[in-house]
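Q: I have a model open and would like to go through it residue by residue. Can we start?

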Amino acid sequence: MVEYKSRGIRGIYSALVTPMHPDESVNFTALEQIIEIELSDGVEGFYCCGSSGEGLLLSLEERKKIVETVIKKVRGRVPVIAHIGTIRTHDVIDLAQHAANVGVDAVSMIPPYYYKFSMEEIVEYYEAVIHAVPGLPLVLYNIPQFTGISFSKENAKRLLDNEAVMGIKHTSNDLYALERMQKAYPNKVYFNGFDEIFLSALCAGADAAIGTTVNLYASTFKRIRDAFEIGDIDTGRKLQALTNMRVESLSKVGIFNAVKYGVSYRGVDCGSCRAPFKQLSSKDRQELDSLFAKGFGST
């Protein structure tokens, strides 16, 4: 049995944003600068081309070049997981083969969306990648509010039984499902995906995190984890409350654009999210300035 938890794959991962020029082309120079800043913040891994990275608003070639850039810049210092999910199996296999060739540590996939695919079709979508790129670890991406599919111990059994499946990115408030999967498959890695429930997810069995606000506040997440591991739940709750205040403020104006603005506030022009996302107003930016003026540490 593959024991992924012994491979150093656990940690606090940044759901890496994708910086853009004003014309919405990808700013690869800024991407490299962001990686260095976040590594100095203590980020323990990168998850690229996911929701925070506007992965589904990028072309396949852009996604490939982003993964290449991240791998080249990281130079093996921390693990890199590439999100390759899309609606077409052919495209997913193409992205998986590319990711494996450039040296990612794992890939991750949302289930195919829009059409109401059966669970059998969804499982076969994942298995197509496993068969096409043997030996490439795969992380299921459970994000039911966007895909309409909620993975559980029961409906994901065939996938979780597969040794190629390293674990699951659980971006869901259903911590019962998380705990039941972790209990049934303790050798897998469970990444919490909602920053606002990180401490609760740790209690339910999560042992890692992939978060949007990790782009800005990595040290807070590391302190929450440290407090949990030594049983200091009071400190963990205070730090989680701090995180939730930040998430609440960022979400009021649109969390993806808000985090990109925060990166820009720190000195790397990140631009805005691609249309149809709406750009921040001057009022939005003023409100965020008040938040970011408080700093990016864990206090």
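Q: Asn215, buried or exposed?
A: Asn215 is buried, at a relative accessible area of 1%. Buried means under 20% relative accessible area, exposed over 50%, and partly exposed in between, with a 1.4 Å probe and protein chains only. This is a predicted model, where local features need pLDDT of at least 70 and side-chain atom pairs count only at pLDDT 80 or more, while totals for chains, interfaces and linings use all residues. Residues are numbered from 1 along each chain as its sequence is written, and side-chain values use heavy atoms, with hydrogens and water left out.

Q: Where does Asn215 sit?
A: Asn215 is in helix H9, which covers residues 214–229. Helices (H or I, at least four residues) and strands (E, at least two) are DSSP runs, numbered from the N terminus.

Q: What does Asn215 touch?
A: Leaving aside neighbours within four places in sequence, Asn215 is in contact with Ser14, Ala15, Leu16, Val17, Glu38, Asp41, Val259 and Arg266. Contact means heavy atoms within 4.5 Å.

Q: Where does H9 bend?
A: At Thr220, by about 35°. The bend at a residue is the angle between axes fitted to the seven residues ending there and the seven starting there. Thr220 is one of the buried residues of H9, which also include Tyr217, Phe221 and Ile224.

Q: What does Thr243 touch?
A: Thr243 touches Asp195, Thr220, Phe221 and Ile224, again not counting residues up to four places away in sequence. Thr243 lies in helix H10 (residues 233–251) and is buried, with a relative accessible area of 3%.

Q: Change of topic: strand S5. How many of its residues are buried?
A: Five of the five residues of S5 (138–142) are buried. Leu138, Leu140 and Asn142 point one way from S5, and Val139 and Tyr141 the other way.

Q: Which strands does S5 pair with?
A: S4 (residues 106–109) runs parallel to S5 and is joined to S5 by three bridges. S6 (residues 165–170) also pairs with S5 in the parallel sense, over five bridges. Two strands pair if DSSP finds at least two bridges between them. Leu140 is the bridge partner of Met109 and stands opposite Ile168 in S6.

Q: Which residues have the most contacts inside the largest nonpolar core?
A: They are Phe46, Ile66, Val70, Ile84, Tyr126, Leu140 and Phe292, in a core of 82 residues. Apart from that core lies another, of 15 residues, among them Ala106, Val139, Met166 and Ala208. A nonpolar core is a set of buried Ala, Val, Leu, Ile, Met, Phe, Trp, Tyr and Cys residues joined through side-chain atoms within 4.5 Å.

Q: Last one, backbone. What is the phi of Cys49?
A: Near 65°, a positive value in a residue other than glycine. Most residues other than glycine have a negative phi, and most peptide bonds are trans. Cys49 is in the loop between strand S2 (45–48) and helix H2 (60–74), and at 1% relative accessibility counts as buried.

Q: And Tyr114, buried or exposed?
A: Tyr114 counts as exposed, at 71% relative accessibility. Tyr114 has a positive phi of about 75° and lies in the loop between S4 and H4.

Q: Which peptide bond is cis?
A: The one from Ala275 to Pro276, with omega near 15°. Pro276 is found in the loop between helix H11 (255–265) and helix H12 (282–292).

Methods:
Expected span 1.5 Å × (residues − 1).
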